[in-house]
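Q: I would like to learn how to read a structural model feature by feature. Can we go through one together?

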2 protein chains.
Amino acid sequence: MSESERRFLLGAVTMFNGSHAVHGIWRHPAFDRQRQFERIDHWLELARTLERGCFDLLFLADVIGAYDVYGGDWRASARYGVQFPSYDPLVLLAALAPATKHLGLGLTSSVFYQHPFPFARQISTLDELSGGRLGWNIVTSVIENAAHNMGMERLPDHDERYRWAEEYTQAVYKLWEQSWDDDALVRDADTGVFSDPDGVHEINHVGERWSVRGPHLVAPTPQRTPLLMQAGGSPAGRDFAARHAEAVFLVANTPEVAAPVVADYRRRALAAGRAENDIKLLAALTVVTADTEQAARAKDAELEEWISDEGMLVMLSGHMQTDLGAVDLDRPLADFETDGMQGMLAEIRARVPPEQRTALTYRDLLKGFWRNRIVGSGEQVADRLAEFAAAGVDGVNLVEMVRPEGFEDFIEFVVPVLQQRGMVQREYRDGTLREKIFGRGPRLPPDHPAVRRHPVGV
Amino acid sequence: MSESERRFLLGAVTMFNGSHAVHGIWRHPAFDRQRQFERIDHWLELARTLERGCFDLLFLADVIGAYDVYGGDWRASARYGVQFPSYDPLVLLAALAPATKHLGLGLTSSVFYQHPFPFARQISTLDELSGGRLGWNIVTSVIENAAHNMGMERLPDHDERYRWAEEYTQAVYKLWEQSWDDDALVRDADTGVFSDPDGVHEINHVGERWSVRGPHLVAPTPQRTPLLMQAGGSPAGRDFAARHAEAVFLVANTPEVAAPVVADYRRRALAAGRAENDIKLLAALTVVTADTEQAARAKDAELEEWISDEGMLVMLSGHMQTDLGAVDLDRPLADFETDGMQGMLAEIRARVPPEQRTALTYRDLLKGFWRNRIVGSGEQVADRLAEFAAAGVDGVNLVEMVRPEGFEDFIEFVVPVLQQRGMVQREYRDGTLREKIFGRGPRLPPDHPAVRRHPVGV
């Protein structure tokens, strides 16, 4: 394994809205840049900051509807600004692409959001314009309002959502990988051939949900298929990730919780016929840091005062599909099957002795969720990240308390320490996002299911 | 009428591909920037050039499938590079937005291309990021392959397409105009209210084709609804434009042809309950210019040598939905009902005495299409544009022979003359695209159907 493959990866995850993951802090008078979330100058500044910090990836999560479980509708998500309003991440990344040179640009897009044909075309266009720096986090929505926005009567159930996702990925893979031969865009002035028709193919996808004729309207881009990402935590989600994803976002706040999850993903990847190192596992972590431990603790205490409990309940009610405003929070935790919450649940449970686990309540879960941060000086945070690395985690997907300060602080105090220790890159390598992360590419490896040929027509 | 309302408007229309309207010229050895159409640096350069020339608008046309009538399939469009491949225009405009400050950014998007919810969200996002500089040309596709790409068995017929367009516009208007009150995004740090839920509304659109619940995920943008554009030439298309469009692109190569068309649009606008000056009419014109008439004629003669007759036939076969490779081109012209071709047909007919019109052939039409350019020095071109202005035309939508040289030449030789004559602006006025063009705004005027309230729920 080369040096570039072992290095610890740095991702920044946020959303194109005024409150991403830690709600209420937007009210703090100092944080005007986050409140004015729609201003492009703030985003250009953040992208350049991340590039200065040699971050691998700016990743924009997304929702395509308003959380509507807490209180039975979306009003509370509007009231507390919980990922609402939320603007289109692909449009923002396109605006950031020319202002950056190396930063990976990742986005979430649900298989419910767009028909595969225009989606694949927009992704290819942005992969081209960014010089092959695009990543796609494949998700299925879990918000009822999202289904209603897209004309569905109800949200499909969990298994049905994954069947949709399987078909959707097959359709877009065919457009990206099979519609154009590598050398078909000849634009030969002498012969007058712009594209060789024999090198361009219809895909003739006819599935349960979608039909797509093709050919793809975009010639092969630097990566063809963008870097594929996934965050599913359920068994079905992990299997999906093991088959498709090149990067997985873990919800695992301690190295102890992360280790078996990492091992499980790698095992599933092997079972799916892929190499276990073809999946990079990034832990979603929140860091509060400053020049000393004391200063970091003071900053953390101040930020915590601004957290809105109601705002957090609005979001978690959506994730858990349970109205936590109507639940006795001291009730024992039942098992629940929701993508993205399994890791958190496991992590909360791991913190208490086995005999006490059945007594864990909803309140314990909630506290565990938004009170679990890495707080300390740059050295201390670097120590903790090294423990994650030792547990097999490939990198961090940094979740901000406040934007952009959460990222700026990390770059000021933590990145130099990580660089000094040789844990992270000091400068970017050339090439596409896939090449930067894996040291190979720019295309998917041949054992990926997108590349194993599907039957397509002419 | 204020000065700003009377000035002659300058638009540049092209496409995100290697051959937009005049095919074959990409083979000329000097035109490498057009051949390398996917390079973002070329587009950034073009956008800055247009802004230097005080252009009102960079407009990107689009197709969502390959022309597939000539020869019975899409192979010839690939072979000759006729608008194929074609990349997503919205993604490109997003990339250009931060690099420009005043230039209007217009795009074609077919009502077949995206579900109204994600489309409205992407448009709103880009209107916000560009400071209110976005325009949308509402089209329905006329390419069978486009329908197949989007999962339809066949292209809906002409009238059905316009019914789709009516419903689609109603759905997106509701999202843009009615889902958010102007003052609902309060983000009040003291009360902790991010958005006032009482000022945010579901739209509950339930139509024949689409259902959209809402609320819209984007708060009101500078223009709310982007500047609305249309190019329909058929009677149904003109009625649609008269109801919806703020800018219309005419195919009318002479002032004599343009005058009655302009009058007809204004009459239809009045009949639709709008003010006749609420529609700006821009003639699509191709200009070849240089520092002298002689140099311009020499340039034109050289360019013409590079035109590919086959390439032109591929495109026109698509527009006319007639395989011109299989037609005797000396056959008399039958009437045909195709948007965008009526103006051209009228213009060809107007050039010959009435008694000879029945003898016009397909070959006459084709020649008329791609041999009709304004060729001359800056003074001569300005004289001709003044004749268009006298005929009631509000501006030009400049179609390039070759990109970017066609636009660069116009800015070098023609724009200074027009500026000296006071016909066009010397500097941009502040504000949104709508304010720049109409001297009022930034929102639609109250007599526009998007603003006349539709019934929506909470």
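Q: Is B:Asp264 buried or exposed?
A: Start with the scale: buried means under 20% relative accessible area, exposed over 50%, and partly exposed in between, with a 1.4 Å probe and protein chains only. B:Asp264 has 10% relative accessibility, so B:Asp264 counts as buried. Before going on, note that this is a predicted model: local features need pLDDT of at least 70, side-chain atom pairs count only at pLDDT 80 or more, and totals for chains, interfaces and linings use all residues. Residues are numbered from 1 along each chain as its sequence is written, chains are lettered from A and ligands numbered from 1 in the order in which they are written, and side-chain values use heavy atoms, with hydrogens and water left out.

Q: Which residue does B:Asp264 meet in a salt bridge?
A: A salt bridge is a side-chain nitrogen of Lys or Arg within 4 Å of a carboxyl oxygen of Asp or Glu. Here the partner is B:Arg238, at 2.8 Å from N to O. The pair links distant parts of chain B, 26 residues apart: B:Asp264 is in helix H10 (residues 255-271) and B:Arg238 in helix H9 (residues 235-244). Helices (H or I, at least four residues) and strands (E, at least two) are DSSP runs, numbered from the N terminus. B:Arg238 is buried as well, with a relative accessible area of 15%.

Q: What parts of chain B does the salt bridge of B:Glu160 and B:Arg209 tie together?
A: Take the distance, then the places. The two side chains meet at 2.6 Å, N to O. B:Glu160 lies in helix H8 (residues 158-178) and B:Arg209 in the loop between strand S7 (205-206) and strand S8 (211-212), so the pair ties together parts that are 49 residues apart in sequence. B:Glu160 counts as buried at 14% relative accessibility, whereas B:Arg209 is partly exposed at 35%.

Q: How many residues apart are B:Arg440 and B:Asp278?
A: These two form a salt bridge, with the closest N and O atoms 3.2 Å apart. They are 162 residues apart, with B:Arg440 in the segment after helix H17 (433-438) of chain B and B:Asp278 in the loop between H10 and strand S11 (280-285). B:Arg440 is partly exposed at 25% relative accessibility; B:Asp278 is buried at 9%.

Q: How many salt bridges are there over all chains?
A: A search of the whole structure finds 58. Six salt bridges are counted between chain A and chain B. One pair to look up is A:Arg187 with B:Glu38, whose closest N and O atoms are 2.6 Å apart.

Q: How many residues of each chain are in contact across the interface?
A: Contact means heavy atoms within 4.5 Å. On that basis, 74 residues of chain A are in contact with 74 residues of chain B.

Q: What area do chain A and chain B bury between them?
A: The size of an interface is often given as the accessible area lost when the parts come together. Buried area is the accessible area (1.4 Å probe) that two parts lose on being put together, summed over both. Chain A and chain B bury about 6,600 Å², 63% of it on carbon and sulfur atoms.

Q: Where is A:Pro226?
A: A:Pro226 is in the loop between strand S6 (211-212) and strand S7 (227-230) of chain A. A:Pro226 is buried, with a relative accessible area of 1%. Beyond its neighbours within four places in sequence, its contacts include A:Ile123, A:Trp136, A:Trp176 and A:Arg434.

Q: Which peptide bonds in chain A are cis?
A: Look at omega. The bond from A:Gly214 to A:Pro215 is cis, with omega near 5 degrees. Another cis bond joins A:Arg403 and A:Pro404, with omega about 5 degrees. A:Pro215 is in the loop between S6 and S7 of chain A, and A:Pro404 in the loop between strand S12 (395-399) and H16.

Q: What is phi of B:Gln83?
A: Phi is near 50 degrees, a positive value in a residue other than glycine. B:Gln83 is found in the loop between helix H4 (75-79) and helix H5 (89-96) of chain B. B:Gln83 is buried, with a relative accessible area of 6%.
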